[in-house]
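I opened this notebook to keep track of what I looked up, beginning with a strand and ending with a pocket.

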Amino acid sequence: MAKYSDIKGFTVQTLSSDPVASRAGGGSWATGGSLNTARSYVVGVGISTAALASNGYTGTEVNNNESYNGTAWTEVAEMNTTRAFGAGAGTYTASIYFGGAPPTTGKTELWNGSAWTEVNDLNDARTSQVGGGTSTAAICVAGSMSPAPSQVQTETWNGSSWTEVADLPNTMLSGTGGGSSTSAIACTGQENPPDSGVQNHSFSWNGSAWSQTANVNTARYQAGGTGYQPGSSNTDMMIFGGGTPSVTAKTEFWDGSSWTEIGDMGTARGQQMAANGTSTDAFAAGGIAPGYSSATEEWTAPATFTKQIQGQLFFNSTANTFKETIIDLGSASWASGGSLNRDALYLMGSTGGGSNSSAIVFGGYDTAARAFTESYDGSSWTELNDMNTARYGGSGRGTATAALATAGTPPQSRTETELWNGTNWTEVNDLNTGRYRGGGAGTSTAALYAGGENPGGGAQTVVEQWDGTSWTEVSEINTGRNGLCGGGSNTDAVVFGGEAGSQSAKTETWDGSSWTEVNDMNTARYRLSSADTAQTFVIAFGGVENPPNSAKTESWNGTSWTERADLATARHAAGGTGTGSSALAVGGEPPSAPDTNATEEWTAPLGNKTITAS
């Protein structure tokens, strides 16, 4: 019998377990020894084999201090001041505990492995703050300062005293995070309770200033987390548990750029358990599950692991299955992102380039046609230089640093084309036929613009091809329509949806010379938005159905459309940008308002899928 390697030229790797996105992604929780005193609002430091759990709440504040050896908890010397709702950092033999209540205090104590010593207080007495660092270099972030609600103040500890430094951009109470006094994360919690509810914001500290990062996937407060352990930073940590407001078992890992859901805890719990460690060796003890808990869980991740790489083939010898690592659209979802600086609809976006953490949108309409340009860094929008011609309903292609804008309204027959170089817009050669609400495909140097509407001819069939310098008319689409979308390249494209008297589900593909009608979308609609990686990998979202706004998302694989996770907010005329696996829906018109500044982020993770014979 011929070998697979002889036929295909390579061998398939045999693995005992599936590849994972990170070392933490291969980790799991296991049951450990129980605390002697069940409680919540307890501060923990250390790792799963050498930990400390201090003070807490059992209906009243308690002064129990327990040490963990990886098997059992042992009561050790108590703190000088009984309290709960504090924060801490360090190891089980050298730690710091600060703040807490009642009453709200700034008291700070150091632990040397056998006894606590009072040292200089925080400048601002507070409770329910975020802490991190070591006993000689710690950070204290936000919290509540009685009688005021949540605050923004940050203080750092140099081993002898606290110093106030830069404020957090948002108020935060009962958040989590950690790191060091020069490299930390503060995330989740509540902004200004009780009115604001639970947040999923995340902020990174570089030693002098805070900046907003990509949001946590699950908004929560009073969660546990790693990052209070010496050596922790703002590029590697986990959070777990917490209230949403119901307790959750979800665990997320931060790699310095994004949050990823990994293995859940065995028991959902909140109200600040004792927790600390690293993304490969951590623990959680106590909390509310519901009811005061004494349970301990230990987190470990494998010393060696196989990392996921898109397209890899492997044989899982444990499951006895042949698998491929692919983008898992079935697990894809939309999440709330940073707000645009203005409410707007009919935005153009750099569709087909960039991602949900690197994108631009331009043009649009609020009370009039606009020339605005804004860029997105994964958490917030920044205003950049304006376009030369204000417009909306045109087409955008390219990336955040190399984009093409063409067509638009008013008037309903714009021909102007502009190129973006990352800093400025430059006018280049016009379209031959002016129109708006057409479908685009390609890049800033090789694009298509298909269909649309103009005053004289209504829904158009005209298609033009851009070669980086000028536009040339090519074969027309089969069905004239406006409010459609497109994807792919200028020689291998797809257009879909739109309106020609009524909403359309028609899909047509382009092979570089002619258009062919193929399988329709599942839901007919117009003024929809899209993002694409290639002609065979497109997502379409939002739009107008018959007649309400749509929240539906569909993916195109080159042959057929499949329904995916809905947008959180139904909308039409939104800006769409990014790729099939990492996209944005920006602005648009939801049912309850004339237009919005809301952003939603689409993320499709890698997944290991079994290959089956058909």
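I call a residue buried when under 20% of its relative accessible area is left, exposed when over 50% is, and partly exposed in between (1.4 Å probe, protein chains only). The model is predicted, so that local features need pLDDT of at least 70 and side-chain atom pairs count only at pLDDT 80 or more, while totals for chains, interfaces and linings use all residues. Residues are numbered from 1 along each chain as its sequence is written, and side-chain values use heavy atoms, with hydrogens and water left out.

Entry one, a strand. I looked up strand E45 (residues 507-510) and found both of its faces covered, with Thr507 and Thr509 buried on one side and Glu508 and Trp510 buried on the other. Strands (E) are DSSP runs of at least two residues, numbered from the N terminus.

Entry two, its partners. I count two strands as paired if DSSP finds at least two bridges between them. Strand E44 (residues 493-496) pairs with E45 in the antiparallel sense over four bridges, and alanine 493 has tryptophan 510 as its bridge partner in E45. On E46 (residues 515-518), four bridges again join an antiparallel strand to E45, where tryptophan 510 has tryptophan 515 as its partner. Four residues lie between the strands of the E45 and E46 hairpin, in which glycine 512 takes a positive phi near 105 degrees.

By class, I found 14 nonpolar, 22 polar and six charged residues in the lining of the largest pocket, counting Ala, Val, Leu, Ile, Met, Phe, Trp, Tyr, Cys and Pro as nonpolar, Asp, Glu, Lys and Arg as charged, and the others, Gly among them, as polar.
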